[in-house]
Amino acid sequence: MLIESCCLDQEIYNRSFPKSWWRVHSKFGRSFNIQDETCQHLAVVSTEQSAIVPNGIYLRATDFEQLSAEINVDDCLIIQNQTLRFTNSQLLLSGKTYQTFQSRRTKKIDAAIWADYECCIRRLEKETGYQEGLNAVFASEHRFVSAIDALCADQLSQQRQALHFLIGRGPGLTPSGDDMIIGHLAARLLLDKQNQKLQTYLRTKMTAVEDLTTDVSKHYLLCSLNQRFNQSVLSLQEALVDPNRQLQHAIHTVLKTGHTSGADFLAGFTRTLAYFNKTHGVNEKKIYGTK
């Protein structure tokens, strides 16, 4: 059977794959993950296009159902020349592409937009994976939230302790602590406050130490270190710097991710923004404000 993708990440399309062996890593109702033989790269094949992710390959519903029915976890496949070769089928990587890179940065968020964002978050009662309402994130002293504050600190020793606590901690295919770290990195990128020592330490730890977290979560952490995020995250970042964007809609789209992944991401993202707002407040006009 010959299948063509209808939508895929531009980064996959741009790569010139040498002949390499991959395997079906995990399988779900509307998606399955494939992983390369080095266990360093992962891609998702899905029919659900409302949550577009890094290294995503999307198929028409009928094509996905046929392909999913013939594969099992640990089945081998070969990737070569933009083609995925399964036992009985070939999947051509074609069709429209999308970007996963954040293309716009700012050093400050308009005070009015920040006020609207804070108001939206304070109304959200959805529980996070660490079992605290998202609306409590501004004043929370929960250990998970305090770890985000430590990631915002200047001392690498504090950042390292926070990473040791957060990585792999919490429920789900992408544990809560990992989702919060991704939120933290997305907020730093938005504010153009990346910390190279923190990023280098996290990247080294993720690539050198096995079994820190799930393979799927490791994939998204590494993508975030490469400034690649889900489309819903990119839309939220854009809404925070563009007064014409629908901020509330962008927040709720992120919130729909997974069971608690969206809430956990927003907790890390929001606490980081709030931390830098407190440290470099509106009155100083360094981060938030109109000048």
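I took contact to mean heavy atoms within 4.5 Å, and I took helices (H or I, at least four residues) and strands (E, at least two) as DSSP runs numbered from the N terminus. I noted that this is a predicted model, in which local features need pLDDT of at least 70 and side-chain atom pairs count only at pLDDT 80 or more, while totals for chains, interfaces and linings use all residues. Residues are numbered from 1 along each chain as its sequence is written, and side-chain values use heavy atoms, with hydrogens and water left out.

**Helix 10.** I looked up which residues of helix 10 (residues 247–255) are buried, that is, under 20% relative accessible area, where exposed is over 50% and partly exposed lies in between (1.4 Å probe, protein chains only), and found Leu-247, Ala-250, Ile-251, Val-254 and Leu-255. They lie on the same side of helix 10, because they cover an arc of only 140° around the axis, the arc being that of the directions from the helix axis to the C-beta atoms. These buried residues pack against helix 3 (111–122), helix 9 (231–239) and helix 11 (261–279).

**Cores.** I then turned to nonpolar cores, each a set of buried Ala, Val, Leu, Ile, Met, Phe, Trp, Tyr and Cys residues joined through side-chain atoms within 4.5 Å. The largest has 69 residues, and those with the most contacts inside it are Tyr-117, Leu-236, Leu-240 and Phe-269. Leaving aside neighbours within four places in sequence, Tyr-117 is in contact with residues including Leu-247 and Ile-251. Another core, of 21 residues, lies apart from it, and Val-24, Ile-57, Phe-64 and Leu-77 are among its members.

**Helix 8.** I found that helix 8 (residues 215–225) is largely enclosed by the rest of the structure, because ten of its eleven residues are buried. The buried residues of helix 8 pack against strand 3 (20–27), strand 4 (31–36), strand 5 (42–46), helix 6 (176–190) and helix 7 (196–208). After helix 8 comes Gln-227, whose phi is positive, near 65°.

**Cysteines.** How many disulfides are there? Taking a disulfide as a pair of cysteine sulfur atoms within 2.5 Å, I counted zero. The sulfur of Cys-120 has its closest cysteine sulfur in Cys-119, 5.9 Å away, which is too far for a bond. Cys-120 is buried at a relative accessible area of 10%, and Cys-152 is likewise buried, at 3%.
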